[in-house]
Amino acid sequence: PRPLGQPFGAMASIGSAPIHAVGGILARSAARVRGTRAVRASYSTSVGPSADAKDYRVLAFEDSYDIKEMLRDARVRYGHFEQRWNSERCIDAIKEFGRVDVLMLDFYLPPVTGLQVLQQVNEAVASGIIQRPKHIIGMSSVGSCNGRLMQEGADAGFVKWDVGMWDGWARDEW
């Protein structure tokens, strides 16, 4: 039998941060599991979306897939969305965008990878150039790449086409 309080799915660690890997989704140890999907609490609430999630400003760096369409299909609500199809001038793009509530990073992205973008974000935050986004989500089609993004500081990692399943999103009710 499963020990009390231990979630279903595989348990691993990335660096010093334990993670749960379930159904192609990685979530830090603050996660809990519903059924077969790992769910990560947002910073502002213990579980689920924060009160302002419907107004989130979302900036995605993704070169192949239309992330806005994926979020629409998942009934995700947000205030403003912008997608950058490459990582050129990524820090300038973040500064121009203004407040970033959710930063979404693909791993394999030209001309620099999502991991390098995240490293630049971390350096810019440490230098006071930008504020850290409330949430940083890795979204590679390769699970181990999402693990690397989390190791560098991303809050969650999803196989790309499952990114709409993050429980920090506000959703349209049908």
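Because the model is predicted, local features need pLDDT of at least 70 and side-chain atom pairs count only at pLDDT 80 or more, while totals for chains, interfaces and linings use all residues.

Select D101 to begin, in the loop between α2 and β9; helices (H or I, at least four residues) and strands (E, at least two) are DSSP runs, numbered from the N terminus. D101 has a relative accessibility of 2% and counts as buried, where buried means under 20% relative accessible area, exposed over 50%, and partly exposed in between (1.4 Å probe, protein chains only). Its side chain reaches the backbone nitrogen of R57 at 2.7 Å, and a polar contact of 2.8 Å joins the side chains of D101 and R99. A polar contact here is a pair of N or O atoms within 3.5 Å; within protein, one must be able to donate a hydrogen and the other to accept it, and residues adjacent in sequence count only if both atoms are side-chain atoms. D101 and R99 also meet in a salt bridge, that is, a side-chain nitrogen of Lys or Arg within 4 Å of a carboxyl oxygen of Asp or Glu; R99 itself is partly exposed, at 49%.

**Further salt bridges**

The count comes to 13 salt bridges, and K160 with D106 is one to show next, the closest N and O atoms being 3.3 Å apart. This pair links distant parts of the chain, with K160 in the loop between β11 (156-158) and β12 (170-171) and D106 in the loop between β9 (102-105) and α3 (114-126), 54 residues apart.

**Aromatic rings**

Four aromatic pairs are found in the whole structure; rings of Phe, Tyr and Trp (its six-membered ring) pair if their centres lie within 6.5 Å, and planes under 30 degrees apart count as stacked, over 60 as edge-to-face and the rest as tilted. F107 and Y108 are edge-to-face, 5.0 Å centre to centre with 75° between the planes; F107 is buried at 10%, while Y108 is partly exposed at 49%. W166 and W169 form another edge-to-face pair, at 5.1 Å and 85°, with W166 buried at 2% and W169 buried at 2%.

**The nonpolar cores**

Which residues touch the most other members of the largest nonpolar core? Among its 23 residues they are L59, F61, I91, I94, L103, L105 and V121, a nonpolar core being a set of buried Ala, Val, Leu, Ile, Met, Phe, Trp, Tyr and Cys residues joined through side-chain atoms within 4.5 Å. At least two residues of this core come from each of β6 (57-61), α2 (90-97), β9, α3 and α4 (143-151). Apart from this core lies another, of 19 residues, including L71, A156, V163 and W169.

Conventions
Residues are numbered from 1 along each chain as its sequence is written. Side-chain values use heavy atoms; hydrogens and water are left out.
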